Amino acid sequence: ILVASGARYVPRLYERFAATQPAPIPTTHVKRGDVTFTVTAYGNLQGGNSRMLTAPMVGSSKMILTELRKSGEPVKAGEVVARFDTTEEAYKLREAEADLAEAEQQVIQAQNEALAKEEDLNYELLRARGELKQAELEVRRNPLIALLSARQNNLALEGAHERLAKLERDYPQSKAAAKASIDIQEAARRKAKMLADTARRNIDMMTLKAPADGYVNVERNSNTNFYYSGMTLPLFQVGDQIRPGMAVAQTPDLANWEVTAQIAEQDRGHLSVGQPVCLQLVSMPGREFHGKVKVVET
């Protein structure tokens, strides 16, 4: 019994005795030095100085891709990267060119009519001046003819004066009316020409060309009616519909390279522009490349 009681209570007494002893506090010596943080992450390598190629703002709600270079394909400056269907713009161009041709004929007709009107006015002025001169000569005969004939000559002279004065007064207004008619046709011609130029410019804009030497990096098609978390969007391809302003592709060059990576939130405070970066490529094991932080986005 004594042995059993000792085996039961002795460990408890030992635990109580050990609990009353203070635990040792770890200590060390304070030293001054530099603290280095190393932030690592997986990233994507691509060429630098990327130039984005976007769908033009041509007024159409949706455009269809009819030609597109493959992603990663090298291109030279001025080469075609993507092309859109220009059927609608070509139809607008034909209509505008037809309206322009008609407006030009209307301008020529208005100019000819204005010239003819001016000739008529000049003829009427010459005729009125001749009639006035004739009336003045007839009035000179009044002392030699009967009184009734003299009054008729005076009335004829007054009428000739009034007709000439009216023609001279209306002459500027008639010329202004003819010029206004020409200006109206000229405005219609300028409008048709503007529409034709706009259609040509839209057709040119619907062909995307590389602004500099590099390679093609096709963007992902975000023009979708549904989206779920973790969904991988497909790349643009021929036949896709694109809204104006959407990014179709970009053309990075091969002289500069950039790496984009997502950094954890807790490491965001350790990064700043200009810090050195060491890069290791999966395709080139054993080699290291060095660069600097260019942009830190939140």
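In the predicted model, buried residues account for 23% of the 298 residues of the protein chain. The accessible surface of the chain is about 22,200 Å², and carbon and sulfur atoms contribute 54% of it. The secondary structure of the chain consists of three helices and 13 strands. Among contacts in the chain with a separation of 6 or more, 75% are between residues 24 or more positions apart.

Four of the strands make up an open sheet, in which they follow the order β6-β5-β3-β9. The pairing in this sheet is antiparallel. In general, the strands of a sheet pair through backbone hydrogen bonds, in either a parallel or an antiparallel manner. The edges of the sheet are formed by β6, covering 207-209, and by β9, covering 241-242. Each of these two edge strands has a pairing on one side only. The partner of β9 is strand β3, which spans residues 63-68. Two bridges join β3 and β9, and the sense of this pairing is antiparallel. Across from Met63 stands Ile242, a residue of β9.

A nonpolar patch lies on the surface and is formed by Leu45, Leu254, Trp257 and Val259. Together these residues present about 390 Å² of accessible area. One of them, Val259, is located in strand β11, which runs over residues 257-261. The relative accessibility of Val259 is 39%, and the residue is therefore classed as partly exposed, since that class lies between the limit of under 20% for buried residues and that of over 50% for exposed ones.

Helix α2 comprises residues 87-140 and includes Glu97. Glu97 has a relative accessibility of 34%, so this residue also counts as partly exposed by the limits of 20% and 50%. When residues up to four places away in sequence are not counted, Glu97 touches Ala196 and Arg200. With Arg200, the side chain of Glu97 forms a polar contact to the side chain of that residue, at 3.2 Å. A further pairing of positions in this region concerns Glu97 and Asp197, which are 100 residues apart along the chain. The C-alpha atoms of Glu97 and Asp197 are separated by 9.2 Å.

Note on methods. Residues are numbered from 1 along each chain as its sequence is written. This is a predicted model: local features need pLDDT of at least 70, side-chain atom pairs count only at pLDDT 80 or more; totals for chains, interfaces and linings use all residues. Side-chain values use heavy atoms; hydrogens and water are left out. Two strands pair if DSSP finds at least two bridges between them. Patches are made of residues with over 30% relative accessible area and no salt bridge: like charges are joined within 9 Å, nonpolar side chains (Val, Leu, Ile, Met, Phe, Trp, Tyr) within 5 Å. Accessible areas come from the Shrake-Rupley method with a 1.4 Å probe; for residues, only the protein chains shown count as cover. A salt bridge is a side-chain nitrogen of Lys or Arg within 4 Å of a carboxyl oxygen of Asp or Glu. Buried means under 20% relative accessible area, exposed over 50%, partly exposed in between (1.4 Å probe, protein chains only). Contact means heavy atoms within 4.5 Å. A polar contact is a pair of N or O atoms within 3.5 Å; within protein, one must be able to donate a hydrogen and the other to accept it, and residues adjacent in sequence count only if both atoms are side-chain atoms.
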